[in-house]
Amino acid sequence: MKDKLEQIRKNAMEALKELDDLKQLEEFRVRTLGKKGELTLVLRGMGSLPPEERPVMGQLANEIRSAIEKALSEKTAELKNAALEKRLEAETIDVTVPGKMPRLGKLHPLTTVMNELKAVFLGMGFDVAEGPEVEWDSYNFDALNTPKNHPARDTQDTFYINEDILLRTHTSPVQIRTMLKQKPPIKIICPGRVYRSDAVDATHSPIFHQIEGLVVDKNITMGDLKGVLDVFAKRVFGPKTQTKFRPHHFPFTEPSAEVDVTCAICHGEGCRVCSYTGWIEILGAGMVHPNVLSYCNIDPEEYSGFAFGMGLDRITNLIYGIDDIRLLFENDIRFLKQF
Ligand code: DAH
């Protein structure tokens, strides 16, 4: 029996040396030390030994078992270590390789210009007011001195939700909403989206944007209107910009004017952008009509005001030299990336 045990030890130690993966080690353990392993089988034969030899053999068997166990665990550790080394080597990362730049989004040019214009007016003490895009017909037209059969309604045909409700054709109804809930002094701008049933072409879109302005107080004059718009034009188009008021008609202002600025491209010389006139029309304006003030329960004998409305899309195109309004709405990334 002693020989058998020594043989097991010798075989086991030799076999261990040859093994080089963890699975093989486990098979080795089962084969050698397991319940049905070689060592166990030999020990089963202990019963046939003379009693005085049993403890000696038992001790020897234990010693061999722990020797093999020790060798096995050393070998296991060695293989695990080697595997780890190998993985670390395979997984090294080169921290000096340049990273991938994330793609950054940008503001749409309309948003950028809107923010700029807002900042100009906020700097002059205006508040920002807002109103709904789905609006009462009466606020969009009647309250603005444009009753049902008024010819001015023709030029602002729009999308009707029903008889009384429409998609607003301009930001002017926000004047009404503001005056109905706030007493003068009033000094607001109202930026927003507006709608008209226009066919799409290079200068028309059924959706576009306006900024409305309204100032109502005692002793407000056309001089105040001219001063505000002149500062506005110089801030937005450059300090040399001049403004020109041309008589016009709007139902909700009296007197009314269209306002031109000197062409930002040719500075008044005349070029393709300004159709060789040197001037570019940018907005409508005037003194708030007494009927409009009265509709809002503001006494036109006591108060006066001015109002203006400008097209944001057109101004954006002027600032960036864009020649087609459709580009602003197509959301083609190749176009938008340029700003
Ligand atoms: N609402 C007008 C339009 O869309 C623009 C306008 C003209 C607004 C004169 C005004 C104004 O406030 O006083 O054509």
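How many cavities of 30 Å³ or more does the count come to? I will open with that question, and then walk through the rest of the chain. Please keep in mind that this is a predicted model.

The count comes to one cavity of 30 Å³ or more. The space in this largest cavity is about 40 Å³. Its lining consists of F237, V261, T262, C263, A264, I265, I280 and L318. Sorted by class, seven of these lining residues are nonpolar and one is polar, with no charged residues.

Let me now turn to the overall layout. The domain assignment divides the chain into domain 1, residues 2-90, and domain 2, residues 109-336. Taken over C-alpha atoms, the centres of domain 1 and domain 2 are separated by 93 Å.

In general, two packed helices are described by the angle between their axes and the distance between the axes. Helix α1 covers residues 2-18 and helix α2 covers residues 22-33; their axes come within 11 Å and cross at roughly 175 degrees. Angles over 145 degrees count as roughly antiparallel, and α1 and α2 are therefore roughly antiparallel to each other. On the α1 side, the contact is made by I8, A12, A15 and L16, and on the α2 side by L25, F28 and T32. Six of the residues in this contact are nonpolar, one is polar and none is charged.

Helix α5, residues 109-123, packs with α10 at an angle of about 100 degrees, and their axes are 10 Å apart. An angle of 65 to 115 degrees counts as roughly perpendicular, so α5 and α10 are roughly perpendicular to each other. From α5, the contact involves P109, L110, T112, V113, M114 and L117; from α10, it involves L312, D313, I315, T316, I319 and Y320. The classes here are nine nonpolar, two polar and one charged.

Helix α10 has a further partner in α8, residues 222-237. The axes of α8 and α10 come within 11 Å and cross at roughly 45 degrees, which makes α8 oblique to α10. In this contact, F232, V236 and F237 of α8 meet I315, L318 and I319 of α10. The contact of α8 with α10 has six nonpolar residues, no polar and no charged ones.

I come now to the pockets. What is the volume of the largest pocket? The volume is about 1,500 Å³. The lining of the largest pocket comprises 49 residues, and those nearest its centre are T203, F208, E281, G311 and R314. The elements giving two or more residues to this lining are the strands β5 (207-217), β6 (243-250), β7 (253-262), β8 (279-288) and β9 (304-311), together with helix α10 (312-320). Strand β8 supplies the largest share, seven residues. By class, the lining of the largest pocket divides into 19 nonpolar, 19 polar and eleven charged residues.

The second largest pocket holds about 210 Å³ of space. Its lining is formed by R103, L104, G105, K106, L107, H108, I333, L336 and K337. Four of these residues are nonpolar, two are polar and three are charged.

Finally, I wish to point out some features of the backbone. In general, most residues other than glycine have a negative phi, and most peptide bonds are trans. Where are the cis peptide bonds to be noted here? One runs from P184 to P185, with omega near 5 degrees. P185 is located in the loop between α7, residues 173-181, and β4, residues 186-195. Another cis bond joins E254 and P255, with omega at about -5 degrees, and P255 is placed in strand β7.

One residue remains to be mentioned. H267 is not a glycine, yet its phi is positive, at about 55 degrees. H267 is found in the loop between β7 and β8.

Methods: Residues numbered from 1 in each chain as written. Predicted model: local features only at pLDDT ≥ 70, side-chain atom pairs only at ≥ 80, totals over all residues. Heavy atoms only, no water. Domains from an automatic or database assignment. Axes fitted to C-alpha atoms, helices over the stretch in contact; angles between N-to-C directions. Helix = DSSP H or I, 4+ residues; strand = E, 2+ residues; numbered from the N terminus. Parallel < 35°, antiparallel > 145°, perpendicular 65-115°, else oblique. Contact = heavy atoms within 4.5 Å. Nonpolar A, V, L, I, M, F, W, Y, C, P; charged D, E, K, R; others polar. 1 Å grid on protein atoms, 1.4 Å probe; cavity = no way out; pocket = protein on both sides within 12 Å on 5 of 7 lines; lining within 4 Å. Points joined across faces, edges and corners; volume = space filled by probe spheres on them.
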